[in-house]
Amino acid sequence: MTLICSDYNLFDRRRDRSARPNGSPVSLPMLKPFAIHLLSHLSRIRSNMTDSCVFCSIVSNEIKANVVYRDEQVTAFRDIHPVAPTHILLVPNRHIESVGTLEVEDEQLMGHLFTVARKLAEEEGIAKGGYRLVTNTGANGGQTVFHLHVHLIGGQRMRYPMG
Ligand code: 5GP
Ligand code: ZN
């Protein structure tokens, strides 16, 4: 599909031609990067994300990740340094620093995130044998990325004790 680039209207080809006979053709693929940039900018504003948050950048597709699940509230992707055969991180799409900054309004979101974790465990084939869900909170909790996330870890026998 080809659109005509005009000063005011990219989509009305007929009107554009008559208004600007020498208008340059612009294809939809050429517009895609601008659309993605605009959408990610808007989502950053809406979620108060910081420019430096790696998980916000994964949610907005600015940084590549092996995404295994995505909906309007939650994104799940494989950990870059897996500690077990299955190691998936589940994050809210909206930037929340940690469990330490959760609000009452986030209860539905967190319940949904855990339901997604259960579904992914089933899809990964680790539900029957069991798995571990971990949410490190704050520096002493071992949190290194300050966008709330739940580790879904499985596919091997977990070691105890923790800590
Ligand atoms: P935390 O230590 O905060 O509980 O866990 C952060 C996790 O994020 C770590 O397991 C780390 O390997 C993972 N991680 C950090 N940066 C990236 C990244 O850019 N991509 C992916 N997929 N995982 C990341
Ligand atoms: Zn973030």
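**Figure 1. Surroundings of Leu-90 in the predicted model.** Leu-90 touches Thr-75, Ala-76, Leu-113, Val-116, Ala-117, Leu-120, Leu-148, His-149, Val-150 and Leu-152, where residues up to four places away in sequence are not counted. Contact here means heavy atoms within 4.5 Å. This is a predicted model, in which local features need pLDDT of at least 70 and side-chain atom pairs count only at pLDDT 80 or more, while totals for chains, interfaces and linings use all residues. Residues are numbered from 1 along each chain as its sequence is written, chains are lettered from A and ligands numbered from 1 in the order in which they are written, and side-chain values use heavy atoms, with hydrogens and water left out.

**Figure 2. The nonpolar cores.** A nonpolar core is a set of buried Ala, Val, Leu, Ile, Met, Phe, Trp, Tyr and Cys residues joined through side-chain atoms within 4.5 Å. Buried means under 20% relative accessible area, exposed means over 50%, and partly exposed lies in between (1.4 Å probe, protein chains only). The largest core has 16 residues, and those with the most contacts inside it are Ile-88, Leu-90, Leu-120 and Leu-152. At least two residues of this core come from each of strand E4 (74-78), E5, H4 and strand E7 (150-154). Helix H4 gives the most, with seven residues. Helices (H or I, at least four residues) and strands (E, at least two) are DSSP runs, numbered from the N terminus. Another core, of nine residues, lies apart from the largest one and includes Cys-56, Val-59, Phe-77 and Leu-89. In soluble globular proteins, nonpolar side chains tend to be buried together.

**Figure 3. The site of the zinc ion (ligand 2).** The protein donors of this ion are Cys-53 (SG), Cys-56 (SG), His-95 (ND1) and His-147 (ND1), at 2.0 to 2.3 Å from it. Donors are N, O and S atoms within 2.8 Å of the metal (3.2 Å for Na, K and Ca); water is not among the atoms, so sites may look incomplete. The site is tetrahedral, with angles of 105 to 115° among its four donor atoms. Four donors count as tetrahedral if all angles lie between 85 and 135 degrees. Ideal angles for four tetrahedral donors are 109.5 degrees.

**Figure 4. Donor residues of the zinc ion (ligand 2) in sequence and fold.** The spacing of the donor residues in sequence is C-x2-C-x38-H-x51-H. Cys-56 belongs to helix H3 (residues 54-59), whereas His-95 is in the loop between strand E5 (86-92) and helix H4 (107-124), so the pair ties together parts that are 39 residues apart in sequence. Cys-53 is buried at a relative accessible area of 7%, and Cys-56 is buried at 3%. His-95 also counts as buried, at 18% relative accessibility.

**Figure 5. The loop between H3 and strand E3 (67-70).** Asn-61 lies in this loop. Although Asn-61 is not a glycine, it has a positive phi of about 70°. Asn-61 is exposed, with a relative accessible area of 54%. Ala-65 lies in the loop between H3 and E3 as well and counts as partly exposed, at 32% relative accessibility. Apart from neighbours within four places in sequence, Ala-65 is in contact with Ile-58 and Phe-77. From C-alpha to C-alpha, Ala-65 and Phe-77 are 6.4 Å apart in space, and they are 12 residues apart in sequence.

Conventions. Four donors count as tetrahedral if all angles lie between 85 and 135 degrees; four count as square planar and six as octahedral if opposite donors are over 155 degrees apart and all others between 65 and 115; anything else is irregular.
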